[in-house]
There are 2 protein chains.
Amino acid sequence: MDWTRLDQQIRFIVEIDKLKNVYRRTYLINERRNENTAEHSWHLAMMAFVLAEYANEPIDVSRVLKMALIHDIVEIDAGDTFVYDVQAELDKAERERAAADRLFALLPPDQAVEFRQLWNEFESRKSADARFAAALDRMLPQLHNYYTQGGSWKEHAITVDRVVAKNATMNEGAAVLWTWTQKLLADAVMKGFLAKTP
Amino acid sequence: MDWTRLDQQIRFIVEIDKLKNVYRRTYLINERRNENTAEHSWHLAMMAFVLAEYANEPIDVSRVLKMALIHDIVEIDAGDTFVYDVQAELDKAERERAAADRLFALLPPDQAVEFRQLWNEFESRKSADARFAAALDRMLPQLHNYYTQGGSWKEHAITVDRVVAKNATMNEGAAVLWTWTQKLLADAVMKGFLAKTP
């Protein structure tokens, strides 16, 4: 047997361990520390598994799971970009593209293409699977912020209008979940977890 | 719309955030800290995605991914049991069953049944999907230990005969990967990462 292919795959598996060292602005729900991107990716995949029935259009759950697993792998090189950081958002696409070039190329060529296409699809939201996965990726941090009584919303003085503006695209992938989330936001404002004005 | 079902699903999603606070004996490959079970579950699912071609029998990758995502969720209540801890292994099954009873019951009844069956299937290794998922779950900590120059093998004075005895079941799910892993173990012994005798 030629072990080259497997060796390449193992090299990728070992490399992506680094995602466990990339920290996000979001706080864990049950402990006062920031969440890392590997944990977040697991949680997002679980969410896709549990909430699949709420996709606007028919989806292939298996592809959505795969997208959830790899959607933030580029952060190994590019770091996590805070969704409300206007400056960092400017060159985010470029940084993440370079990261995707390096990371997926560790895989054997056929898988490099498969993984890259899946990641591109997620980024561009050009399929029902991608729109649903992206909607969940918007929803999850809002759960974290609500269940930590404001968490990173408060820390960064984010107001409800910015949260709504940033997350309304949830509607394209999962309208029911966006309706539910808007109720959550209204409740967050009422409880003082989320500010109406700066 | 009746929101009860979605409320139950969200309660489950919020509850499982606790898996990010369950720490394993394994060390991260790229940083000197113990790994938590949520990160491990993400890594295992990624491994299933990358290495699916090495299953002994035809598998349904989507089911293997789902098993990988939920296989250790019971550790939220039962804690992580070190695979070489003979004493703790004795009542592990009982503790984990009780945890499964509580956690999956948070979901709507149809999903509670689906998730529980999938978890039971993984535990009993009675299907090709489960045998493959279990083989990967055995392989991954060995990668961590090798790439940390002995990591938790050294810390707990584990010898190569115990590693082989514990992980030979990999052969039932992924014979090629077990062959590869045996070469890794031989190399670990040669490099002094893994002891031959206590």
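This is a predicted model: local features need pLDDT of at least 70, side-chain atom pairs count only at pLDDT 80 or more; totals for chains, interfaces and linings use all residues.
Biologist: How do you know that chain A and chain B are related by a two-fold axis?

Modeller: Chain B can be laid on chain A with an RMSD of 0.0 Å, by a turn of 180 degrees and a shift of 0.0 Å along the axis. That is the relation of a two-fold axis.

Biologist: What makes you say that the copies meet through the same surface?

Modeller: Of the interface residues of chain B, 100% are also interface residues in chain A, so the copies meet through the same surface.

Biologist: Why is Glu39(A) called buried?

Modeller: Buried means under 20% relative accessible area. Glu39(A) has 0% relative accessibility and therefore counts as buried. This residue belongs to helix 2 (residues 37-51) of chain A. Leaving aside neighbours within four places in sequence, Glu39(A) is in contact with Leu28(A), Arg33(A), Lys20(B), Asn36(B), Ala38(B) and Glu39(B). The C-alpha atoms of Glu39(A) and Leu28(A) are separated by 9.7 Å, with the two residues 11 apart along the chain.

Biologist: Why is helix 7 of chain A called oblique to helix 2 of chain B?

Modeller: The axes of helix 7 (residues 109-124) of chain A and helix 2 (residues 37-51) of chain B come within 11 Å and cross at roughly 130 degrees. That makes helix 7 of chain A oblique to helix 2 of chain B, since the roughly perpendicular range ends at 115 degrees and roughly antiparallel requires over 145. From helix 7 of chain A, the contact is made by Gln111(A), Glu114(A), Phe115(A) and Leu118(A). Helix 2 of chain B contributes Met46(B), Phe49(B) and Val50(B).

Biologist: What do the buried residues of helix 7 of chain A pack against?

Modeller: They pack against helix 1 (4-15), helix 3 (61-70), helix 6 (92-104) and helix 8 (128-147) of chain A, together with helix 2 of chain B. The buried residues themselves are Gln111(A), Ala112(A), Phe115(A), Leu118(A), Trp119(A), Glu121(A) and Phe122(A).

Biologist: Why is helix 8 of chain A described as largely enclosed by the rest of the structure?

Modeller: Of its 20 residues, 18 are buried, so helix 8 of chain A is largely enclosed by the rest of the structure. Its length can be examined as well: at 1.5 Å a residue, helix 8 of chain A should span 28 Å, and its end C-alpha atoms are 29 Å apart, which agrees. Helix 8 of chain A is followed by Gln149(A), whose phi is positive, near 50 degrees.

Biologist: How do you know whether helix 10 and helix 12 of chain A are roughly parallel or roughly antiparallel?

Modeller: Helix 10 (residues 160-167) and helix 12 (residues 175-190) of chain A pack at an angle of about 170 degrees, with their axes 11 Å apart. Angles over 145 degrees count as roughly antiparallel. Helix 10 of chain A and helix 12 of chain A are therefore roughly antiparallel to each other. The contact is made by Val160(A), Val163(A), Val164(A) and Asn167(A) of helix 10 with Trp178(A), Leu185(A) and Val189(A) of helix 12.

Biologist: How do you know on which side of helix 6 of chain B the buried residues lie?

Modeller: The buried residues of helix 6 of chain B are Glu96(B), Ala99(B), Ala100(B), Leu103(B) and Phe104(B). They cover an arc of only 105 degrees around the axis, which puts them on the same side of helix 6 of chain B. What covers them includes helix 1 (4-15), helix 3 (61-70), helix 4 (75-78) and helix 7 (109-124) of chain B.

Biologist: What makes Ala100(B) a buried residue?

Modeller: The relative accessible area of Ala100(B) is 1%, and the cut-off for buried is under 20%. Not counting residues up to four places away in sequence, Ala100(B) touches Val74(B), Ala105(B), Arg116(B) and Trp119(B).

Biologist: What makes the phi of Arg125(B) worth a remark?

Modeller: Most residues other than glycine have a negative phi. Arg125(B) is not a glycine, yet its phi is positive, about 50 degrees. Ala157(B), also not a glycine, has a positive phi of about 50 degrees.

Conventions:
Residues are numbered from 1 along each chain as its sequence is written. Chains are lettered from A and ligands numbered from 1 in the order in which they are written. Side-chain values use heavy atoms; hydrogens and water are left out. Buried means under 20% relative accessible area, exposed over 50%, partly exposed in between (1.4 Å probe, protein chains only). Helices (H or I, at least four residues) and strands (E, at least two) are DSSP runs, numbered from the N terminus. The arc is that of the directions from the helix axis to the C-beta atoms. Contact means heavy atoms within 4.5 Å. Copies are superposed by least squares on the C-alpha atoms of residues with pLDDT of at least 70 in both. Axes are lines fitted to C-alpha atoms, for helices over the stretch in contact, and angles run from 0 to 180 degrees between N-to-C directions. Angles under 35 degrees count as roughly parallel, over 145 as roughly antiparallel, 65 to 115 as roughly perpendicular and the rest as oblique. The expected span of a helix is 1.5 Å times one less than its number of residues.
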